[in-house]
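Hello,

Here is the structure I said I would pass on. Please look it over first; my notes follow below it.

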Amino acid sequence: MISVVIPLYNKEHYIADTLKSVLKQTCSDFEVIVIDDGSTDHSAKIVATFHDERIHYIFQENQGVAAARNRGIREATGEFIAFLDADDCWFPDYLEKMTQLAAAYPHQHVFCSAQENRIINTLPDGVTIISDHCLFDYIYFTGCMFLRRDVFDKAGYFREGIQLGEDRDMWLRMACHYPTVYLNEATVSHSYQTENNLSRSFNPSTCCPYWEWYSYPYKPKSSLYRYTTNQIVDAVSALIARHDYRQALQWLNRCRGWSALRPRLKLYSRIVYLLLTEH
């Protein structure tokens, strides 16, 4: 059986479509675990209108999306875990294609498909086994992940207390132990209306401390360093946009190795100039 974990927080305008997309799956052997992370809108009432015994609604005080997903994993009873955010929708045959993929590769643990409008041009159509996760910027969208539940025993759970980058951190820790069976075919639709501009939504106190990735047991190290440094550089740009120049400099100084050296030097010069002309 498959356990579908849906974290929910104030998504009253989306959750109905999300649940409908799950209930319309051509594969029916699943349970749906909705973890309401302290919603204050009408999300709970909308979930209650769905009368399907496979849906299990659980309310908890607001603790963040990572804690909600972790609660869902602990409550799950299925052999496989699939995640879906409360503003995303699966294509009707998503679960069927993922179970077929798992059956075709019984010794693999991590499976992923493409998101709508995010087909990877550098990969062939069909299935690719990706052993170097860090070669790709961001193809592991949460709603596309299909996992054997025992991966969490080795990789751990989502890092709680983080609101930005918690998913990247999870997939990277998984990639330290498992390759990904990747289906380069769109199976998930994402609502871009709910996305926020990074410079406006970025909060350094709740962002993943990306520099810790340098110490992860990931091979090859060159890919890990490049991937990690690029995340820090993006965060530094967001800090500059927030006029938080001192913290931007602190983050930039945490970069290691020679990756992205030119943009790092440009950012360093810009930060120094902005600090000198701040007042």
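A residue is called buried when its relative accessible area is under 20%, exposed when over 50%, and partly exposed in between (1.4 Å probe, protein chains only). On that scale Asn-10 counts as partly exposed, because its relative accessibility is 27%.

Two notes on provenance. This is a predicted model, in which local features need pLDDT of at least 70, side-chain atom pairs count only at pLDDT 80 or more, and totals for chains, interfaces and linings use all residues. Residues are numbered from 1 along each chain as its sequence is written, and side-chain values use heavy atoms, with hydrogens and water left out.

Overall fold

The protein chain has ten helices and nine strands; these are DSSP runs (helices H or I, at least four residues; strands E, at least two), numbered from the N terminus. Along the principal axes, the C-alpha atoms fill a box of roughly 60 × 40 × 30 Å. Of the 279 residues, 51% count as buried. Counting contacts (heavy atoms within 4.5 Å) between residues at least 6 apart in sequence, 78% join residues at least 24 apart.

Backbone

Asn-10, in the loop between β1 (2–8) and α1 (15–23), has a positive phi of about 50 degrees although it is not a glycine. His-243 also has a positive phi, near 65 degrees, and is found in the loop between α8 and α9 (245–252). His-243 is exposed, because its relative accessible area is 56%. A cis peptide bond, with omega about 5 degrees, joins Lys-219 and Pro-220. Pro-220 is in the loop between α7 (198–201) and α8 (221–241).

Cysteines

How many disulfides does a search of the whole structure find? It finds zero, where a disulfide is a pair of cysteine sulfur atoms within 2.5 Å. The sulfur of Cys-89 has its closest cysteine sulfur in Cys-144, 12 Å away, which is too far for a bond. For Cys-134 the closest cysteine sulfur is that of Cys-176, at 7.8 Å, also too far for a bond. Cys-134 is buried, at 4% relative accessibility, whereas Cys-89 is partly exposed, at 22%.

Regards
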